[in-house]
Amino acid sequence: MYIHKSVLEIPGAEIGRNNPLPMFRDSAHHQKIATDGTFTEKELEGLGRHTGFRALPYCLQDHFTQEKELHKYETIVMENDYLRAEFLPQYGGRLYSLYDKKKKRELLFKNPVFQPANLAIRNAWFSGGIEWNVGQLGHAVHTCDDVFFAKCINKDGEEFLRMYDYVRTTGVFWQIDFHLPEDSPFLYAHVKITNDTEESRPLYWWTNTAVREPGVRIFSGTEDVIYIHPDSLTEEGGTHCYGHGKMPYLPFMPGVDVSYPLNFQYTSEYFFQNEENQQAPWEAAVYQDGASFLERSTQPLRIRKMFCWGKHSGGRNWLDRLAVPGVGDYVEIQAGLSPTQVHGDEIPAHSHIEFTQAFGSLDTVTDDVFRKDWKEACRNVEKMADKVLNVDTLISLNEIYSLDAVEPCRELLHTGHGWAALEGKRRQLAGEEEIPASLYFPLDSMGDEEKGWNLLLEGASVQDIGQGELPGSWITDQKWRGIMEAALEKNPENIALHVKLGVLEYENENYERAVSLWEESMRLRPTVIAGRCLAYDCRRKGETAHALELMREAFRMEGDHPSPYIVRELFSMLKDSACYEELWGIYESLPKTLAEDERIMILTAAAGVELGKDEFLEMVYEHSYIVIREGENQLCEIWFRHQAYKLKRNGDTRELCEIIEEVRRECRPPQTIDYRLVQA
C-alpha cells in the first residue's frame with residue numbers, strides 16, 4: 001500500500017468569496033418534529049434536539065455559478081493491489097473515487113464535474129463520492145473547504161492516512177484514520193470524535209455515500225424503518241412528518257417495493273433502525289448487472305439510510321443540475337449515530353466516540369438478491385457480506401485502529417485553516433489543556449483572517465473598519481469574550497471591536513448586550529455592518545418597520561457600490577412588507593452584475609408578479625438557477641400566482657386563491673425553475 005499526492009482534472013465551477021454577513025443561529029435550538037403516532041418511546045428520544053440552524057462563526061459559501069472550466073484539483077491517493085481511493089482535501093476530504101482494480105469497476109458514483117449547489121449548512125455542496133458530516137444537522141461546515149491530511153505510522157511501521165479538523169461551532173475535534181492493508185479489498189475508516197471541553201456538546205455524525213442509481217436495490221440488517229410522509233414535503237419550510245414502517249412496503253406506497261429507489265415518484269428517504277446488539281451493522285447497494293457496494297461498521301454507528309431524488313421532474317432536475325444532464329443519477333446510502341438526522345444527541349465532557357467503517361463490495365451478486373421477498377433476499381445479502389467481511393474481523397480491526405488513533409501525525413500532506421492553531425495558542429496562553437496530541441495544527445496554517453485574531457490574542461491593536469466595510473471573520477466562542485472586552489477597554493472607539501464582540505454576544509443569545517454594543521458603535525460612527533445587525537435584531541423581534549428603515553440606511557451607506565449581501569436582505573424585507581414598487585425601483589437602478597444575481601432576481605420576481613411585469617417574469621423563468629435551496633418552492637409559487645393573475649386579466653371571475661389551486665394542480669412549471677421535492 002502506498003499514499004501519494006495527485007491531481008484530478010475535470011470541469012468545475014469556482015466557489016468565490018464567502019458571504020461576510022453573520023448568519024445568526026436559530027433561537028429555537030430544538031425543532032419540533034411531527035410524527036404520525038407510530039414511533040416507539042425510544043424513537044421519540046432526542047427527536048428535534050440540536051436541529052436548529054447554526055453556522056457562525058463560519059460564513060456562508062453562496063457565491064458560485066453553473067459556469068464550469070477545466071480545473072486541476074489536488075487529490076490524495078491511497079492504493080493497494082485491490083483498491084484505489086482518491087480524496088479531495090480542498091473539499092472536506094470527500095472520497096471522490098473508490099476504484100476496484102480487480103473488478104475494473106468504480107464502486108461509487110463518481111461525478112464527472114464539480115458543481116456546487118445550495119444544500120449544505122454553509123450553502124455550497126456537491127454530489128458524488130463519500131462525505132463525512134460531523135457537528136450538527138446538515139452537510140457539514142467543511143464540506144466545501146480545506147481540511148488537514150497527514151501520513152501516520154503505527155507501532156508496526158505501517159503507514160495510514162489521517163484526515164482531521166476542528167469544528168468551530170461545537171468545539172469538538174474529529175479525525176478519520178484510513179487504513180488499506182496490503183491484501184485488503186476493503187478501505188477502512190476509523191472515526192474518532194473528541195470533546196475535550198468541560199461541557200457536553202451536540203453530537204452528530206453521518207457518512208453519506210453516493211452510488212449510481214440505475215438498477216440498484218438497497219438492503220440493511222432490519223426491516224424496521226423510519227420514513228417521511230410525502231405530503232409533508234410539499235410546503236416550503238413546513239414541518240416534516242415521520243412514521244415507522246417495515247420494508248419493503250410502506251403505507252404511503254402500498255404494493256410498491258421501496259427497496260428499489262427508482263420506484264419513488266418523489267424525493268424520499270428512509271432510515272433502517274438496526275438494533276444496538278447488532279455487532280456490525282451494514283448497508284448494501286446491489287445491481288442487476290452484478291455490481292455491488294457494501295458498507296459495514298462497528299457500533300455505535302448502527303443506523304442506515306437510503307436517500308433518492310425520485311422519478312418526478314423536480315428530482316430529475318436536481319440530478320442533472322448537480323452533474324451533467326443524463327449522467328448524474330445517484331442515490332445515497334448513509335450511516336449515522338441517531339435514529340434519523342433530526343434526532344440529536346450529545347457527547348459528554350472529556351470524552352470521545354470511536355467506530356470503524358469498511359467500504360468495498362460483495363464477491364458476486366446472484367439472482368437470489370432480487371427475489372420479491374425482500375426479507376429472504378436480505379438474508380442472502382447478509383450471508384454474502386459475512387463471507388467477504390465477517391463480524392469478528394471488523395471488531396478485531398477496530399480494536400487495532402483504536403490504538404493507532406493516538407499515534408501522532410508524521411508528515412503533513414495538506415493544510416486546512418488555522419483556526420485550530422489559534423485555539424491551541426489561546427489555550428496555551430490561558431493555561432488550559434492542550435488540543436489532542438494525535439492532531440497537528442501548525443502555527444503557520446494561520447491565514448490573514450486568523451492572524452488578525454492572533455494579534456488580538458497577543459494584546460495588539462485591532463484594525464478598524466470603514467463605513468461600508470463588511471469584516472467577514474467572526475469568533476463566537478465565549479472564551480474570547482474577556483479577550484475582546486479587554487481590547488475594547490483599551491480602545492473604546494474601535495468600531496470593529498464593538499461589532500465583533502456584539503456578534504459573539506448575539507450568537508450566544510445575550511441580545512441586549514449585543515444591541516447596546518452595535519448602537520454604541522453607530523453613535524461613534526455609522527457603519528453598514530452595525531446597521532445590518534441592528535436591522536436583523538429588529539426583524540427577529542417583529543419590529544418590521546424599524547428593521548426595514550435600518551436596512552434602507554445600510555443600503556444607502558453603501559453608496560454607488562452596493563453589495564449583493566445587503567441588497568438581498570433589503571429586498572427580502574421589502575418583499576415581506578409588500579413594498580413592491582420600492583423594490584422594483586431599486587432593482588431597476590442596480591448595476592448589471594447585481595441585477596443578474598439569482599437571489600436578487602427571485603426576490604424581484606415576487607414583486608414583479610404583483611406589479612404585472614410580464615416580460616421580466618418570462619426572463620426569470622427562462623434562467624437556469626443554481627441558488628435554489630433543497631425544498632425551496634418559491635419560484636414555482638411565483639409562477640403559479642403569475643398564471644392565475646393572467647387568467648384573472650382574461651376574465652376569470654373566480655377568487656384568486658381558487659385559480660391558483662387549479663393552476664398548481666393542473667399545470668407544470670418550466671423545467672428551469674421546478675425543483676420541488678414532491679410534484680402536486
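The legends below describe close-up views of a predicted model.

**View 1**
Strand β12 covers residues 172-179, and eight of its eight residues are buried, so the strand is largely enclosed by the rest of the structure. In a regular strand the side chains alternate between the two faces of the sheet. Here Val172, Trp174, Ile176 and Phe178 point one way from β12, while Phe173, Gln175, Asp177 and His179 point the other way. Strand β11 (residues 159-167) pairs with β12 in the antiparallel sense, over seven bridges. Within this pairing, tryptophan 174 of β12 is the bridge partner of aspartate 165. The two strands β11 and β12 form a hairpin with four residues between them, and glycine 171 in the turn has a positive phi of about 80°. Strand β13 (residues 187-195) also pairs with β12 in the antiparallel sense, over seven bridges. In β13, threonine 194 is the bridge partner of phenylalanine 173.

**View 1. Helix α8 and its ends.**
Helix α8 runs over residues 495-507 and has 13 residues. From first C-alpha to last it reaches 18 Å, close to the 18 Å expected at 1.5 Å a residue. Of the 13 residues of α8, 13 are buried, so the helix is largely enclosed by the rest of the structure. Asparagine 494 caps the N-terminal end of α8, with a side-chain oxygen 3.0 Å from the backbone nitrogen of alanine 496. Just after the helix, glutamate 509 takes a positive phi of about 65°.

**View 2. Aromatic pairs.**
A pair of aromatic rings is described by the distance of the centres and the angle of the planes. The whole structure contains 41 aromatic pairs. In one of them, the rings of tyrosine 506 and tyrosine 511 have their centres 4.6 Å apart and their planes at 55°, so this pair is tilted. Tyrosine 506 and tyrosine 511 are both buried. The charged end of arginine 540 sits over the ring of tyrosine 511, at 3.7 Å from its centre.
In another pair, the ring centres of tryptophan 584 and phenylalanine 616 are 5.1 Å apart and the planes are at 80°, so the pair is edge-to-face. This pair links distant parts of the chain, with tryptophan 584 in helix α13 (residues 580-589) and phenylalanine 616 in helix α16 (residues 614-622), 32 residues apart. Both tryptophan 584 and phenylalanine 616 are buried. Elsewhere, ring pairs link Phe219, Tyr227, Phe252, Phe264, Tyr266, Tyr270, Phe272 and Trp374 into a cluster.

Arginine 212 forms a salt bridge with aspartate 289, and the closest N and O atoms are 2.6 Å apart. The two residues join distant parts of the chain: arginine 212 is in strand β15 (residues 205-212) and aspartate 289 is in the loop between β20 (282-287) and β21 (292-297), 77 residues apart. With a relative accessible area of 28%, arginine 212 is partly exposed. Arginine 212 also lies over the face of tyrosine 287, at 4.1 Å from the ring centre.

**View 3. Other salt bridges.**
Side chains of opposite charge can pair when their charged atoms come close. The structure holds 53 salt bridges. In one of them, the side chains of arginine 122 and aspartate 145 meet at 3.0 Å, N to O. The pair links distant parts of the chain, with arginine 122 in the loop between β7 (117-120) and β8 (123-125) and aspartate 145 in the loop between β9 (130-134) and β10 (148-153), 23 residues apart. Arginine 122 is buried at a relative accessible area of 3%, and aspartate 145 is buried at 14%.
Lysine 575 and aspartate 576 form another salt bridge, with their closest N and O atoms 3.3 Å apart. Lysine 575 is partly exposed, with a relative accessible area of 23%. A network of salt bridges links Asp196, Glu198, Glu423, Arg426, Arg427, Glu432 and Lys479.

**View 4. Glutamine 341 and its polar contacts.**
Glutamine 341 is found in the loop between β23 (330-336) and β24 (345-347). At 12% relative accessibility, glutamine 341 counts as buried. Its side chain is joined to that of lysine 305 by a polar contact of 2.6 Å. A polar contact of 2.7 Å joins the side chains of glutamine 341 and glutamine 334.

Key. Residues numbered from 1 in each chain as written. Predicted model: local features only at pLDDT ≥ 70, side-chain atom pairs only at ≥ 80, totals over all residues. Heavy atoms only, no water. Phe/Tyr/Trp six-rings, centres within 6.5 Å; stacked < 30°, edge-to-face > 60°. Buried < 20%, exposed > 50% of the residue type's maximum accessible area, 1.4 Å probe, protein only. Lys NZ or Arg CZ within 6 Å of the ring centre and 35° of its normal. Salt bridge = Lys/Arg side-chain N within 4 Å of Asp/Glu carboxyl O. Expected span 1.5 Å × (residues − 1). Polar contact = N/O pair within 3.5 Å; in protein donor to acceptor, adjacent residues only side chain to side chain. Pairing = 2+ DSSP bridges.
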